[in-house]
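Here is a walk through one protein model, element by element. Keep the structure open and follow along.

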Amino acid sequence: MANSAQTQELVYLVTGGCGFLGEHVVRMLLQREPRLRELRIFDLHLGPWLEELKTGPVQVTAIQGDVTQAHEVAAAVAGAHVVIHTAGLVDVFGKTSPETIHEVNVQGTQNVIEACVQTGTRFLIYTSSMEVVGPNIKGQPFYRGNENTPYEAVHRHPYPCSKALAERLVLEANGREVLGGLPLVTCALRPTGIYGEGHQIMKDFYHQGLRLGGRLFRAIPASVEHGRVYVGNVAWMHVLVARELEHRAALMGGQVYFCYDNSPYKSYEDFNMEFLGPCGLQLVGTRPLMPYWLLVLLAALNTLLQWLLRPLLLYAPLLNPYTLAVANTTFTVSTDKARRHFGYEPLFSWEESRTRTIRWVQTAEGSA
Ligand SMILES: NC(=O)C1=CN([C@@H]2O[C@H](COP(=O)(O)OP(=O)(O)OC[C@H]3O[C@@H](n4cnc5c(N)ncnc54)[C@H](O)[C@@H]3O)[C@@H](O)[C@H]2O)C=CC1
Ligand SMILES: CC(C)CCC[C@@H](C)[C@H]1CC[C@H]2[C@@H]3[C@H](O)CC4=CC(=O)CC[C@]4(C)[C@H]3CC[C@]12C
């Protein structure tokens, strides 16, 4: 909790503060930002857990709002020193229309930028994604790349398109004059696939495994590496950036940073088994049980079914051509840019991240 020896003067706003990552950012700020006076949490859906935070030394203000509504965003931003913008529509399954994804992720981000400019907030941190880089539509591997690795970042899917556009808006806004005459300082963090307590897809895989008698069936070759990062370390990186942005504005302003830690490089499924294995699940097969062409066919069939059923119901399975391409393309990062620029070291070791995640899957056992 905040150390009372330091002056508590700062007001932070976290958009999307009730989401999977947002909740970890909120809790991390309360634990590790001693200069915090007020923490505003802005989200479309407020979580009941916010209540327990309101008894601490920091004023916690919950704001139910929509980032697509410029006036709601401006009201929440006014008077904040730092904005951490994590709110977004994370939909790669076709649950929402491309227009809505664009509106929330791109227009919502534009609203946050304009609110900073109009109200005089100087520091903006944007949660971007590895997806702004790749995997691209050609399925080219990105093997242990860094922020400068050349890669043909070409997308068609609405989610990565929206994240790439929003990231560009944030980076281009760096240096804009805000109310009061000082420059806006922005930067973007690009997590790879986040895991940890609250990771809904992990829970879905767990329950699917339970339904299948404790087994999951390998679909992707073990040789395909997929980048993963623990949610606590992603949150920590946001907190550090927010803390350092003022003093290192010239170095950090307008920059992008991959979010990384010491999680091992593995395939998506083998990585999940690090947690699901100790919870009693088994991954069947050392090689994919189905030929890849059949998965491609099933994924295409799912797209067709989604389209046909749309007037009647929402059919949005995990497998579609896009998720298959992402899961089946090597994409891993190896970088130290965050350490060099603002002294980032992962707060949680791989062992601790793993233990915490396993404990969470086990306690989430009953909540199918
Ligand atoms: N989950 C992952 O593996 C990764 C996520 N990201 C990014 O991290 C951010 C957070 O993602 P998650 O926590 O996984 O997603 P999430 O869906 O758990 O959290 C997003 C939050 O944003 C809120 N939100 C959505 N639309 C809103 C609107 N119109 N107005 C206000 N709030 C709204 C939601 O209610 C939710 O609480 C997103 O920007 C996402 O693009 C980036 C890389 C990987
Ligand atoms: C057997 C199937 C083919 C396995 C399907 C797994 C997929 C649902 C997930 C595999 C990779 C995931 C994505 C990846 O971790 C990168 C992401 C970054 C983001 O910014 C948002 C989430 C995601 C797109 C993530 C979504 C689920 C997967 C596609």
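This is a predicted model. Start with what covers the buried residues of helix α5: the cover includes α4 (98–119), β5 (123–127), β7 (185–191), β11 (255–259) and α11 (321–327). The residues under that cover are Tyr159, Pro160, Ser162, Lys163, Ala166, Glu167 and Val170. Look down the axis of α5. Its buried residues fall within an arc of 160°, so they line one face of the helix. The spacing of such residues follows a general rule. An α-helix has 3.6 residues a turn, so residues three or four places apart point the same way. The length of α5 also checks out. The helix runs over residues 158–172, and at 1.5 Å a residue its 15 residues should span 21 Å. Its end C-alpha atoms are 21 Å apart, which agrees.

Now move to strand β7, where alanine 188 is found. Is alanine 188 buried or exposed? It counts as buried, because its relative accessibility is 0%. Setting aside neighbours within four places in sequence, alanine 188 is in contact with Tyr126, Ser128, Glu167, Leu171, Gln255, Val256 and Tyr257. Glu167 is also one of the buried residues of α5. Follow the chain from alanine 188 to histidine 207. They are 19 residues apart along the chain, and their C-alpha atoms are separated by 34 Å.

Which residues of α13 are buried? They are Trp350, Ser353, Thr357, Ile358, Trp360 and Val361. Seen down the axis of α13, these buried residues fall within an arc of 160°, so they line one face of the helix. Glu351, Arg359 and Thr363 are exposed on the other side of α13. The buried residues pack against β8 (193–195), α6 (200–211), β10 (228–230), α7 (231–244) and α9 (268–276).

Next, find threonine 332 in strand β13 (residues 331–333). Threonine 332 is buried, with a relative accessible area of 0%. Beyond its neighbours within four places in sequence, it is in contact with Phe142, Tyr143, Arg144, Gly145, Glu225, His226, Gly227 and Tyr265.

One of those contacts, Arg144, deserves a stop. Arginine 144 lies in strand β6. It counts as partly exposed, because its relative accessibility is 31%. Check its backbone too. Phi of arginine 144 is near 50°, a positive value in a residue other than glycine. In the loop between β5 and β6 (142–145) lies proline 135. A cis peptide bond joins glycine 134 and proline 135, with omega about 5°. Most residues other than glycine have a negative phi, and most peptide bonds are trans.

Another loop, between β4 (82–85) and α4, holds threonine 96. At 27% relative accessibility, threonine 96 counts as partly exposed. It touches Leu89, Asp91 and Ile101, not counting residues up to four places away in sequence. Threonine 96 and proline 158 are 62 residues apart in sequence, and 9.9 Å apart in space, C-alpha to C-alpha.

Finish on the surface. Met290, Leu298, Leu301, Leu304, Leu305, Trp307 and Leu308 form a nonpolar patch there, with about 650 Å² of accessible area together. Leucine 304 is found in helix α10 (residues 292–309). Leucine 304 counts as partly exposed, at 46% relative accessibility.

Conventions. Residues numbered from 1 in each chain as written. Chains lettered and ligands numbered in written order. Predicted model: local features only at pLDDT ≥ 70, side-chain atom pairs only at ≥ 80, totals over all residues. Heavy atoms only, no water. Patch = residues over 30% accessible without salt bridge, like charges linked within 9 Å, V, L, I, M, F, W, Y side chains within 5 Å. Areas by Shrake-Rupley, 256 points an atom, 1.4 Å probe, with all protein chains shown as cover. Salt bridge = Lys/Arg side-chain N within 4 Å of Asp/Glu carboxyl O. Helix = DSSP H or I, 4+ residues; strand = E, 2+ residues; numbered from the N terminus. Buried < 20%, exposed > 50% of the residue type's maximum accessible area, 1.4 Å probe, protein only. Contact = heavy atoms within 4.5 Å. Expected span 1.5 Å × (residues − 1). Arc of directions from axis to C-beta.
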